[in-house]
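Dear colleague,

I am passing on the structure below, and I would be glad if you could look it over with the notes that come after it.

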Amino acid sequence: MSDALPADNHTHLRVIEALYSGHHGWLYETLKKKLGNAMDAADLAQDTFTRVLASKVTQIEQPRAYLSCVAKGILINWYQRKALERAYLDALARLPAQEVPSPELRLVVLETLHQIDAMLDSLAPLVKRAFLLSQIGGLKYEAIAQKLGVSLITVKRYMKQAFMQCLLLVE
Amino acid sequence: MSIFAKGAALDPQALEEAAEWLVRWSERELNDTERAEWEHWKTSSPERQQAWTRAQMLQSRMGGLPQALAMSVLDRPDSPERRAAMIKLALLLAVLPISWSGWQLSRRQQWTADYRSTVGERRELTLADGSRITLNTDTAIDVLFDAEQRLIRLRTGEIMVQTAVDPSTKPRPFLVATAQGSMQALGTRFSVREREPRTHLAVLEGAVKIVLAGNRQTQPMVINAGQRTDFSAQTFAKVSPTDRNVGAWTQAC
């Protein structure tokens, strides 16, 4: 038996259809101009519409303004991902040859790093730093407190805050 | 079954408790008493069980990463492009309560926004400099703010403008352009209606200077408070006193 669709699902799809046919070309051109790269622009335009599709929105007053806003958020993630990839390649290049992971593993690690990076993104820099020093660096809380110039209690507070954030966002 | 029933909502209390256990686990190995306490905690309710399942997911995600690699990637400094994009997003969000107004950065590094009101709709905007614009029915404008100017392009329809003092260090002129000419606000409140082939201007406060689009030889004309005029791309009409009802449309809801 088929699931009952929410009543306004058809409205949602009609809105998306109109949005796509009316403004996809414009969004693509705008992104291409900004990024100077057709392939990235096509990907980001697609991501933008995917996000809109997932949003269940049923009424859009100013389509281009709305799309710009959604695209802007996606663009920020994209910049972040690019920066992460660059840092990853730099780090790989500095590793001794025998420690460089295999190509498949490299991709898995990159994907995992990206997920963790996204989870920690909204944390304050010190909180993020404390968390990384503990969870990746393996440092004791006392050592972290000393390194960051904060009290032990503060480190524990940071850790709890970071863990909360991760537990909410982990998938 | 509804799709909304999938994946019960997370219990914040249980998540917080799980986070506290994770903090303890990361500090040092738990002793037998503590371990028994933890075993009891994580099986004592479905919410706690669910929370701890997420904790395990997190641990498996974080564990097994090559340490040096992960540290240098995750602890990298924020990229300048991204920071710039974040600032732009913050600016964008600042205007969101008024409308879903989008901003895009063009090649000339200027802010561009398209605002539109539908037939029968009236829309109020507050721009980045604090100026307020009310769009009458069926109106479209572009907002082009850059280092040199604050330019509103009125494509069609009617707007009421209340300018604000420019917050930037080097004050920029505030201009409204139509197909027929451009109007420079001289600290002011005024309304502009573009109705091909003429633009109608009425000034309520301050003054506005008009430059015709199709006839640069003509001296610019200054219209003062309480005056109105209309103009084509080539010529001005006579200046007359404003109608008492000018701007009345901005009061109606």
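This is a predicted model: local features need pLDDT of at least 70, side-chain atom pairs count only at pLDDT 80 or more; totals for chains, interfaces and linings use all residues.

Chain A averages a pLDDT of 84, and 94% of its residues score at least 70. Among the elements of chain A, the lowest mean pLDDT, 84, belongs to helix α3 (residues 63-94), while helix α6 (residues 141-148) has the highest, at 96. Over residues 1-5 of chain A the pLDDT stays under 50, and for this stretch the model has 2 contacts beyond four places in sequence.

Turning to the helix contact, the axes of helix α4 (residues 103-120) of chain A and helix α4 (residues 67-74) of chain B come within 11 Å and cross at roughly 45°, which makes α4(A) oblique to α4(B). The crossing in which α4(A) passes α4(B) is right-handed. On the chain A side the residues that meet the partner helix are A:V109, A:L113, A:I116 and A:D117, and on the chain B side they are B:L69, B:A70, B:V73 and B:L74. Sorted by type, the residues of this contact of α4(A) with α4(B) comprise 7 nonpolar and 1 charged, with no polar residue.

Lastly, B:E34 lies in helix α2 (residues 32-43) of chain B. The relative accessibility of B:E34 is 11%, so this residue counts as buried, the cut-off being under 20%. Leaving aside residues up to four places away in sequence, B:E34 touches B:W21, B:R24 and B:R28.

With best regards

Terms used
Residues are numbered from 1 along each chain as its sequence is written. Chains are lettered from A and ligands numbered from 1 in the order in which they are written. Side-chain values use heavy atoms; hydrogens and water are left out. pLDDT is the predictor's confidence in each residue, from 0 to 100. Helices (H or I, at least four residues) and strands (E, at least two) are DSSP runs, numbered from the N terminus. Contact means heavy atoms within 4.5 Å. Axes are lines fitted to C-alpha atoms, for helices over the stretch in contact, and angles run from 0 to 180 degrees between N-to-C directions. Angles under 35 degrees count as roughly parallel, over 145 as roughly antiparallel, 65 to 115 as roughly perpendicular and the rest as oblique. A crossing is left-handed if the near helix is turned anticlockwise from the far one by less than a right angle, and right-handed if clockwise. Ala, Val, Leu, Ile, Met, Phe, Trp, Tyr, Cys and Pro count as nonpolar, Asp, Glu, Lys and Arg as charged, and the others, Gly among them, as polar. Buried means under 20% relative accessible area, exposed over 50%, partly exposed in between (1.4 Å probe, protein chains only).
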